[in-house]
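My notes are set down below in the order in which I made them.

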Amino acid sequence: MSTSSPSAPVTWPRDCWYGVGVSTAFKAQPHTIRFLGDQLVGYRDQQGEARLVQGRCAHRGCHLGGGWLEGGELVCPYHGWKYGADGVCNRIPALRPEESIPAGARISTYQLQEKYGLVWAWVPGESPVPTYAIEDIPELQGMHHHPKADIKYLFGGHFTRTIENGIDPVHAPFLHGKSVGQVSADADLTYPDFDVVNGDRIAKARFPVKVEKISGLVRFFLKGDADSIYKEFRFIYPNVTVPLNRFGSLAFASVMAHIPYSESETLVVATNWRNFLARTPLLCGWFDRETMKTGLKILTEDNGIVQDQFPRVVRYRGSNEVLIKSDGLVLEFRRVMRRFMEPPPH
Ligand code: FES
Ligand SMILES: [Fe+2]
């Protein structure tokens with residue numbers, strides 16, 4: 001497994017669970033996942049288990065993303081070598097009877113779990129096996145995942161920049177005025193003190209919704225008093241964010257994986273959750289489509305900024321960026337990253 005990016009050396013977090021795709025993308029047809037400078041292959045086997053394997057065939061380097069499944073096992077499109085779920089090659093069509101399958105005929109595999117509509121992969125560093133359980137997301141309680149509203153969007157930036165974008169409430173009135181709601185020029189855009197809940201690998205904060213004149217779909221749901229209208233953002237180290245919107249009794253949220261490939265390529269995928277419109281098919285379909293449309297518009301607007309941010313990779317230590325109190329959650333994100341990526345010398 002290579003850790004080099006195509007453009008510049010990048011150090012990736014290791015010994016952690018990454019969101020690597022939405023569950024619905026893992027099907028019987030293998031697909032390519034660009035991840036940590038490598039091209040991997042994802043698929044779902046005959047038992048319905050999601051699988052993620054090295055994309056390079058052990059034989060002569062063909063990309064297995066163009067392959068297919070036979071009996072639930074991955075076949076290379078070049079000379080038909082077949083790999084079992086453990087990554088070991090168990091069939092070589094051109095092997096002579098006196099030959100046996102070489103010991104090196106194997107590809108590396110990842111340990112996976114499915115949770116919150118995402119497939120999560122353990123990326124080993126010092127530990128080949130998981131050392132912790134994927135964090136819970138308590139705010140999703142009472143909500144349902146609507147897979148038809150799953151979305152993906154390719155960002156032209158590093159995942160640390162897309163994550164910071166995803167946990168920053170302050171930019172919304174400026175960047176997303178057209179898609180989620182205008183704000184008047186003299187509106188108070190300060191945020192009251194907010195508590196950041198921080199854990200080992202998480203940071204979370206709640207912000208009151210400041211948009212005065214809401215446009216778009218959201219206006220239908222804007223009921224409740226100020227205390228019950230808020231946004232929450234959760235970051236789960238290293239690459240998942242959970243934005244939540246609550247309008248009184250109505251709540252919707254996304255679980256987003258920022259799948260890193262290089263300094264200038266991050267695929268963001270999102271599963272969408274809500275606690276309403278679960279059983280009315282027509283309205284449900286309409287809301288799913290609206291959610292996707294608005295989500296993609298917002299991500300396109302975000303990418304317009306993120307793709308040009310410099311430096312491309314967030315500096316967790318010694319950055320010369322000037323942060324203020326409203327950037328509190330971003331500061332927490334940097335603290336978590338710094339702790340894991342640049343532990344202090346003992
Ligand atoms: S390169 Fe894969 S079977 Fe030959
Ligand atoms: Fe945004």
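**Conventions.** I am working with a predicted model, in which local features need pLDDT of at least 70 and side-chain atom pairs count only at pLDDT 80 or more, while totals for chains, interfaces and linings use all residues. Residues are numbered from 1 along each chain as its sequence is written, and chains are lettered from A and ligands numbered from 1 in the order in which they are written.

**Terms.** I take helices (H or I, at least four residues) and strands (E, at least two) as DSSP runs numbered from the N terminus, and I call two strands paired if DSSP finds at least two bridges between them.

I then traced 4 strands that form an open antiparallel sheet in the order 5-6-7-8. Its edge strands are strand 5 (68-70) and strand 8 (89-91), each of which pairs on one side only. Strand 7 (residues 82-83) joins strand 8 over 2 bridges, with Lys 82 opposite Arg 91.

Most residues other than glycine have a negative phi, and most peptide bonds are trans. I noted a cis peptide bond between Tyr 237 and Pro 238, with omega about 0 degrees; Pro 238 lies in the loop between strand 15 and strand 16 (240-247). The bond from Phe 310 to Pro 311 is also cis, with omega near -10 degrees, and Pro 311 sits in the loop between helix 4 (281-306) and helix 5 (328-341).

Leu 36, which is not a glycine, has a positive phi of about 50 degrees and lies in the loop between strand 2 (31-35) and strand 3 (38-44). Is Leu 36 buried or exposed? I class a residue as buried if 20 or more other C-beta atoms lie within 10 Å of its own, exposed if 12 or fewer, and partly exposed in between, with C-beta atoms placed from the backbone. Leu 36 is buried, because 24 other C-beta atoms lie within 10 Å. Tyr 116, likewise not a glycine, has a positive phi of about 60 degrees, is placed in the loop between strand 9 (111-115) and strand 10 (118-123), and is buried because 23 other C-beta atoms lie within 10 Å.
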